[in-house]
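Biologist: Hi! I'm new to this one, could you walk me through it?
Modeller: Happy to, let me bring it up.

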Amino acid sequence: MTTRVRFAPSPTGYLHIGSARSALFNYLYARQVGGKFLLRIEDTDLARSTEESTRSILDGLAWLELKHDEEIVFQSDNAGKHRAAAQKLLAEGKAYRDFTPKAEPTDQNVKEGIAERARAAQGEKSMRDNIYRELYSEESDRKAEAGEPFAIRLKVPLDGKTAFEDRVYGLQEREYVDTEDLVLLRSDGHPLYNLAVVCDDIEMGITHVIRGQDHLTNTHKQVLIYEALGVTPPTFAHLPLIMAPGKGKLSKRKHGEIVSLTTYRDAGFVPAAFRNFLALLGWSAGEEKEIYTLDELVEKFSFDGIHRSNAIFNFKENDPRHWTDDKALWMNAEYIRTMPLAELLPLVKAELKAAKLWREEYDQESIALTADIPSTADLGADGRPETVAFETREVGSHAWYVYTVDLIRTRFFTLRDFSSQGRAYFSEDFDFDPAAVAKNLTKFPELRDWMPELADRFETVFTERGALFNEASIETVVKGFTEEKNTKLGVIMNGSRTLLTGVAVGPSMLSVFEVIGLERTLMRLRSQVGWNMVE
RNA sequence: GUCCGGUUCGUCUAGGGGUUAGGACACCGCCCUUUCACGGCGGCAACACGGGUUCAAAUCCCGUACCGGAUACCA
């Protein structure tokens, strides 16, 4: 029998990172054993389900590159079958009609209400003392025919226990007395969650149910339904939950966007990096390794490697540097600086396009063959792609673009940084960081005269005399200039850096000059914009 | 309340009778350096508590504490 797993989210909001991880684990297992990864949208709560939400879930899965097999199943399409199953159990005497009027919802918090009711019921009421449980079927039929509303409840046996072997948590047992006669069908005929899930899982031929640990008690109820239906239950594997710092629940209400997968996409995460991070939250291959390709995850995945304790998703609100889990941020940076350049380029392109900084000339299609794109494997000792000669790196060309991305990527954390921190490489319209201006410009007032002078020097050497504007010659000129002014190289270099890029950080300044190009270098060294912004 | 889980550095985790309790992130220091990163080297830092079993317990057993989940005519 081929393995069939499913990811079954309810479309009542964005895709939560915990759900995304469930989807990932289902996917990894399915791929590992050559099974099918199915998708089912549990949209039976009509009041809360929305189409945007379904859209967002699909977008999220696509972003993580978790492709599902077969058609998407919408649970609401199967309500008829769910009802038929309940009727079957009723006819077989495994379920009964409960004519008790539906309890009015309390005005307090739903969760609290439930807990309070449960506490109050403790001791005085058994799970089985419903007067309709043993009603003669003729009497039950009569009331039903008379039009009295009723819910259909499962008749949980008096003695015994449900048991299943969880692939993560081991043998799980629960006495029947601890499980109520759960409602299968509401009095308005609406099938309830546990019945719907079991029916659909049977219908879809699900062999392994991999889901959050919060479903552990539901599983006992579902096992009861499987037994009543005469079907062997699938294998279950429950995943530990992802908690907020302080071990509280990670919720949108309390934590906002941080729990939504789309936040990471929009913040400039590399899909493979976030996927990698998610996989390591609550799972380990048991080796000292952090970076895994999708293929490696598929190969190494095992239920034994899944932790039984919940994991904390660590982040600090109001701290821009640690706005989300540090390890996720680090992993993203790690991917950005080490992934094959050919894979990074399209991501950077999308980012620059979104920031309106993209120019068609950058695209390899119009200039060079894809095969010519240097990858990290082609990098020389100085960290630059060896295959691209300076002469071919005209500012704005494809070769220039590739070289520039590769040059600046080593200190970026997100794809967003290419259009923010790295904006000056792609646009004339960039901001000056006040701290950088203070540290590298205002502190040395003489630079206000020197910088335009340096520009003049560059013009003489590179424009009038026609020397090649490359690192070696730039270094000669800048060093000569520094000695002439009897100052330190750092003063000139850092002043130039801030004037040329608006910031105090970046690659080797010689590379920066070269990549910014002679024309823009002259313009920016002479510009007063950086100076003016502090006055 | 009851049922079910869980507890190794701040966080993610390895280890499941004998380990200097390992790695990663974060943080700190040093080196590299025109800056900031990267990189390299180093540092700080953990077996919840109490009993047992054993020559030996982070590891096995029992209890306690704490945390989490569930307890709906929600999903």
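This is a predicted model: local features need pLDDT of at least 70, side-chain atom pairs count only at pLDDT 80 or more; totals for chains, interfaces and linings use all residues.

Biologist: What part of the RNA do the atoms within 4 Å of the protein belong to?
Modeller: Of those atoms, 68% belong to sugar or phosphate, and the rest are in bases.

Biologist: So what touches the bases?
Modeller: Here are some polar contacts. A polar backbone atom of Ser-187 is 2.8 Å from a base oxygen. For Arg-497, an N or O atom of the side chain is 2.8 Å from a base nitrogen. Gly-506 places a backbone N or O atom 2.9 Å from a base nitrogen.

Biologist: Changing topic: why is helix 6 described as largely enclosed by the rest of the structure?
Modeller: Eight of its 11 residues are buried, so the rest of the structure largely encloses helix 6. Among the buried ones are Leu-195, Val-197, Cys-199 and Asp-200.

Biologist: What covers them?
Modeller: The cover over the buried residues of helix 6 includes strand 1, strand 2, helix 3, strand 8, strand 9 and helix 7. After helix 6 comes Gly-205, with a positive phi near 65 degrees.

Biologist: Now the rings. How many aromatic pairs are in the whole structure?
Modeller: A search finds 33. In one of them, the ring centres of Trp-283 and Phe-301 are 6.2 Å apart and the planes are at 25 degrees, so this pair is stacked. Trp-283 is in the loop between helix 10 and helix 11, and Phe-301 is in the loop between helix 11 and strand 12, so the pair ties together parts 18 residues apart in sequence.

Biologist: Which residues do ring pairs link into a cluster?
Modeller: The cluster includes Trp-63, Tyr-264, Phe-313, Phe-315 and Trp-323.

Biologist: Which charged residue lies over the face of Phe-150?
Modeller: That's Arg-97, at 5.3 Å from the ring centre. Likewise, the charged end of Lys-289 sits over the ring of Tyr-292, 5.0 Å from the centre.

Note on methods. Residues are numbered from 1 along each chain as its sequence is written. Chains are lettered from A and ligands numbered from 1 in the order in which they are written. Side-chain values use heavy atoms; hydrogens and water are left out. A residue is near a molecule or strand if one of its heavy atoms lies within 4 Å of it. A polar contact is a pair of N or O atoms within 3.5 Å; within protein, one must be able to donate a hydrogen and the other to accept it, and residues adjacent in sequence count only if both atoms are side-chain atoms. Buried means under 20% relative accessible area, exposed over 50%, partly exposed in between (1.4 Å probe, protein chains only). Helices (H or I, at least four residues) and strands (E, at least two) are DSSP runs, numbered from the N terminus. Contact means heavy atoms within 4.5 Å. Rings of Phe, Tyr and Trp (its six-membered ring) pair if their centres lie within 6.5 Å; planes under 30 degrees apart count as stacked, over 60 as edge-to-face and the rest as tilted. A charge sits over a ring if NZ of Lys or CZ of Arg is within 6 Å of the ring centre and within 35 degrees of the ring normal.
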